[in-house]
Amino acid sequence: MRVDLLSREYPPEVYGGAGVHVAELVRSLRKQKVDVRVRAFGMPRDEANVSSYLVPSDLGGANPALATLGVDLQMARDVEGADVVHSHTWYANAAGHVASLLYGIPHVVTAHSLEPLRPWKAEQLGGGYRLSSWLEKSAFEGAAKIIAVSEGMSRDILRSYPSLDPARVEVVYNGIDLDAWKPNPDEELVRALGIDPTRPSVVFVGRITRQKGLPYLLRAAALLPPDVQLVLCAGAPDTPEILEEVREGVAALQLLRTGVVWIDRLLGQTELRAVLTSATTFVCPSIYEPLGIVNLEAMACGIAVVGTATGGIPEVVADGVTGRLVSIEQATDGTGTPLDPDRFVADLAETLTAVVSNPKLAKKMGAAGRARAETMFSWDRIALRTKEIYSSLI
């Protein structure tokens, strides 16, 4: 069975959870003897059976969504001969959809996020957001199977695209490489990054985008006990506007308290494991999160997780066992904006304070999180289920 897997991200060009998912899925599928051909955006890679695609030169200055479509058409051309085509994120959905129509092969889509639930993308893409939304809708409605990374994501898919037959939607969780992600105590490395390992700390890891809820966390951090550090591993901003908002928030927080550490570069895995291992608790304040691989990474490193009770996060974080969930009432217009932002900020601060002020409990939750990751989120298990979906279509 030959599967052509299409993605914007693939190592070494990975900047988010979808890229991590694709890399791990490919590795695990190949272990199960699936002939996987990867087609990804970016510069040429050295890996066998991996093809890379750049934006056509005459679309170099075009709207990013139009440039993406230019890459997709090249990818679709090369899928001929595959038994199944499997695309990830809207960036590659059009390539999978066109290839399916062109060559008469089943198209599988993995939904890592949904354009109707990310209206702030209009800030980044302008009119291209309408194009990305149309591309995603067309691909989903034409797909043989849609894989949702959580039950919450499955509900969002059917709400966003009500014409879909629910039988075409399968839930297959994101996973975690349990050998690569494990505790890595390294006080010297952590100190070199500006973190004091003797102080309690709350760690955030994520891109600077509306959905990650970073501005709410910055407000909540002002209410934490004064000895608590806030460590932000945050970069890759969606827009200059959200970057400036975060800069102003960090600067204001640093006037109020010490121990505000902002690392704005992409950390290597060894560095990130050390940062997570040193934390008292990890925080995921997202207002939109289909699952959140970062939560699994923290759990695998044995750290308690405090997350918003939205999307797929409650399927990862067992409230009171592996961490705590923060309730939120959200707008239903697709933005996920808290209906009462002040209440959400206060509840987030209160929950973080409860966990970070009880290191013994936090450690117990972290150990339970590692056990949960081992039981439910191994990549071998996820790849086997994905392979079964492929086999059902050919």
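Tutor: Start with Asp196, which counts as partly exposed because its relative accessibility is 26%. Buried means under 20% relative accessible area, exposed over 50%, and partly exposed in between, with a 1.4 Å probe and protein chains only. This is a predicted model, in which local features need pLDDT of at least 70 and side-chain atom pairs count only at pLDDT 80 or more, while totals for chains, interfaces and linings use all residues. Residues are numbered from 1 along each chain as its sequence is written, and side-chain values use heavy atoms, leaving out hydrogens and water.

Student: With which residue does Asp196 form a salt bridge?

Tutor: A salt bridge is a side-chain nitrogen of Lys or Arg within 4 Å of a carboxyl oxygen of Asp or Glu. For Asp196 the partner is Arg191, with the closest N and O atoms 3.9 Å apart. Arg191 is partly exposed too, at a relative accessible area of 44%. Salt bridges that share partners also join Lys145, Glu170, Arg385 and Glu388 into one network. By this rule the count comes to 24 salt bridges.

Student: Are Arg39 and Asp4 buried or exposed?

Tutor: Both are buried. They form a salt bridge, the closest N and O atoms being 3.0 Å apart. Arg39 lies in strand β2 (residues 35-41) and Asp4 in strand β1 (residues 2-7), so the pair ties together parts 35 residues apart in sequence. Helices (H or I, at least four residues) and strands (E, at least two) are DSSP runs, numbered from the N terminus.

Student: What does Gln229 touch?

Tutor: Contact means heavy atoms within 4.5 Å. Not counting residues up to four places away in sequence, Gln229 touches several residues, including Asp196, Arg199 and Gly259. Gln229 is found in strand β9 and is buried, with a relative accessible area of 2%. A polar atom of its side chain lies 3.4 Å from the backbone oxygen of Arg199.

Student: In what order do the strands of the open sheet run?

Tutor: Strands of a sheet pair through backbone hydrogen bonds, either parallel or antiparallel. Two strands count as paired if DSSP finds at least two bridges between them. Here six strands form an open sheet in the order β10-β9-β8-β11-β12-β13, with parallel pairing. β10 (260-263) and β13 (323-326) are the edge strands, each pairing on one side only. Strand β8 (residues 201-207) is joined to β11 (residues 281-284) by two bridges, and Val203 stands opposite Phe282 in β11.

Terms used. Polar contact = N/O pair within 3.5 Å; in protein donor to acceptor, adjacent residues only side chain to side chain.
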